[in-house]
Structures are given as C-alpha cells and as structure tokens.
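User: I have not looked at this model before. Can you walk me through a few parts of it?

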Amino acid sequence: MPYSRSCREQSSATTLANNQRPTSDTYSIIIPAYNESARIRGTLDRVLAYTTERRWDAEIIVVNDGSRDDTAEVVREYAAVNSRLCLLENPGNRGKGYSVRNGMLHARGEVLLFTDADLSSPIEEAEKLFAAIAAGADVAIGSRWLRSDLQSQRQPLYRQLFGRIFNLMLRITLGLTFRDTQCGFKAFTRRAAQTIFPLQTVERWGFDPELLYLAKKFGFKIAEVPVAWAHSEGTRISPLRDGIRMFAEMLKIRWNALTGKYSPQKVR
C-alpha cells in the first residue's frame, strides 16, 4: 500500500494490548478521495478548523484513490502548511474500501474515524461517535435511519429502495441487524481497527458489511448512533452496476466466513 513521505514519517503507532481501551484523546480522521478536487478544499478547511476549535490531538489522512484530477496536488498544498494533515496514495484506483483500509492501517490515533469526502455527515457529528466509544463501544457507526428527521436532504426514492432491499439481504445472509450499514461515517478503537482491517477483503462499495460482520465475529461492542446527514448530488455509486457488485460481495463475505478466511491466523 504505497503512501506519501509525510505519512510514512508520521506512522509510528503501536498496538494496544488486547484488554486496553483508549486512554488519550488522540484521533485519526481518514478521508477517502477520488476526483474530489472540486470540493476537497472546503472539506479540509472545515475539518481542520473544527479539530482546531475542539483542540483535538488529531491527524487527518486523505487517501487518494488514483484520482485523475488534481486532488493529490491540492492535499499536498494543504499538508505543506498543516502538519496534522498527510496524503496516502493508492496504487491506482482500487475503491473506497481499499482506501479506508489503507488509511486505517497507517493511522496513529487511539480512535480512528473514516468519513466521506463530501462530509454528508458533518464532521461536527464525530463527537457523537467518539462519545459512544468513550462510553464503552469498540465500534460506533453513524446511522441515517435511527432518526430520519436528522436528514436534511434525503436520497432519491430509488436509492432508498435499493438500500432497504440490501439491508434486508444483509439481515438474512450475514445476520447484521443494524438499521444502516452503509453510512460512510464510522469510528473504531485502535484495538478494533487493528483486528478488523487486516482481514478486510472487499475493496469497493460493499466493504461496510464486511467490517461490521468482522466486528461482530470478534465480539466487539457496536453502537449505532443517529447522525445528521444530507444526500450529495456528486455521488458516484450506480444502483444497478454497483448494486449487483455489492450483492456479490455480500455472498463473498458469507463464503469467506464458511471457509475460515476470517480466522485469526489468516491475518495479512
């Protein structure tokens, strides 16, 4: 997983003992990005301003997924004047799941959050997830459907329908009973992240159920937290093409579980 010099120099975190919980307010915020030059500046401005306002000891990692625009150049400009920000480069366009895993495995924080580059869930909502982890959760996942009144702009009806069908299939196939598995706003303790992400195999849109399946398999406490959310018109997911792929990935997760691919000795 290639990464930039700045991130390599900063990556020095150690694994917590299995019975430890985070004891310091150190955060990693991972932002996967593909052709995001039109909005990445606004996102970085907002994240940097908020983490500074809250006086968080936080690093911000942008993972460039082989962008064909100047996303990487913009992030490098920001990183040159913001020591808390660094850029990771994927080896080409590998997918959102790969990007999140890449960022998580290079992060140094004790609590690790990934968020979409469009900030569909505002960065201010991170405090809700961090509070859930401080209260004892190992994984805290943002949910658009626990309190749908928090949605300031809903998805088109066809995407809502696809989401409900996919959620039902996840319940049947993987036993995941969460109201919302797909919200791109999730936080992990360091111990949970270092257990789950080395085992992740799904690299594109269907990676969230795999993370939750693994968290459940290894007995991590998962909190589903209602968060504010707004649909972004710039989303690149195709309900037909990516929907078929996500259903296939769901079956892949089930197959991996049946064949022992998620056993601890399989960690890469």
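User: Let's start with G92. Which residues does G92 touch, not counting residues up to four places away in sequence?

Analyst: G92 touches D65 and G66 under that condition, a contact being heavy atoms within 4.5 Å. The C-alpha atoms of G92 and D65 are 6.2 Å apart, although the two residues are 27 residues apart along the chain.

User: How should I read the numbers?

Analyst: This is a predicted model, in which local features need pLDDT of at least 70, side-chain atom pairs count only at pLDDT 80 or more, and totals for chains, interfaces and linings use all residues. Residues are numbered from 1 along each chain as its sequence is written, and side-chain values use heavy atoms, with hydrogens and water left out.

User: Where is G92 found?

Analyst: G92 is in the loop between β3 (85-89) and α4 (96-106). Those labels are DSSP runs numbered from the N terminus: helices are H or I with at least four residues, strands are E with at least two.

User: And why does G92 count as partly exposed?

Analyst: Because its relative accessibility is 31%. Buried means under 20% relative accessible area, exposed over 50%, and partly exposed in between, with a 1.4 Å probe and protein chains only.

User: Now the sheet. What is the strand order?

Analyst: It is an open sheet of seven strands, ordered β3-β2-β1-β4-β7-β5-β8, with mixed pairing. The edge strands are β3 and β8 (222-226), each of which pairs on one side only. Two strands pair if DSSP finds at least two bridges between them.

User: In what sense does β4 pair with β7, parallel or antiparallel?

Analyst: β4 and β7 pair in the antiparallel sense, over five bridges. With β1, β4 pairs in the parallel sense over four bridges, and Y27 has V111 of β4 as its bridge partner.

User: How many residues of β4 are buried?

Analyst: Five of its five residues are buried. V111, L113 and T115 are on one side and L112 and F114 on the other, and both faces are covered. In a regular strand the side chains alternate between the two faces of the sheet.

User: What lies across the sheet? Start with α3.

Analyst: Helix α3 (residues 71-81) lies across β1 (26-33), β2 (57-64) and β3, and runs at about 150 degrees to β3. α4 also packs on the sheet, touching β1, β2, β3, β4 and β7, and its direction makes about 155 degrees with that of β1. Axes are lines fitted to C-alpha atoms, for helices over the stretch in contact, and angles run from 0 to 180 degrees between N-to-C directions.

User: Change of topic: how many aromatic pairs are there?

Analyst: The count comes to nine aromatic pairs. Rings of Phe, Tyr and Trp (its six-membered ring) pair if their centres lie within 6.5 Å; planes under 30 degrees apart count as stacked, over 60 as edge-to-face and the rest as tilted. F114 and F188 form a stacked pair, 6.4 Å centre to centre with 20 degrees between the planes. F114 lies in strand β4 (residues 111-115) and F188 in strand β7 (residues 185-189), so the pair ties together parts that are 74 residues apart in sequence.

User: Are F114 and F188 buried or exposed?

Analyst: F114 counts as buried at 0% relative accessibility, and F188 counts as buried at 1%. Another pair is F166 with F247: the ring centres are 5.4 Å apart and the planes at 80 degrees, so it is edge-to-face. F166 is in helix α6 (residues 157-174) and F247 in helix α9 (residues 241-258), 81 residues apart in sequence. F166 is buried at 2% relative accessibility, whereas F247 is partly exposed at 23%.

User: Which residues do ring pairs link into a cluster?

Analyst: Y27, Y50, W56 and F130.

User: What sits over the ring of W229?

Analyst: The charged end of R144, 5.1 Å from the ring centre. K217 lies over the face of F218, at 5.8 Å from the ring centre. The rule asks for NZ of Lys or CZ of Arg within 6 Å of the ring centre and within 35 degrees of the ring normal.

User: Last one: how many residues of α8 are buried?

Analyst: Nine of the eleven residues in helix α8 (residues 207-217) are buried, including F207, D208 and P209. G219 follows α8 and has a positive phi, near 75 degrees.
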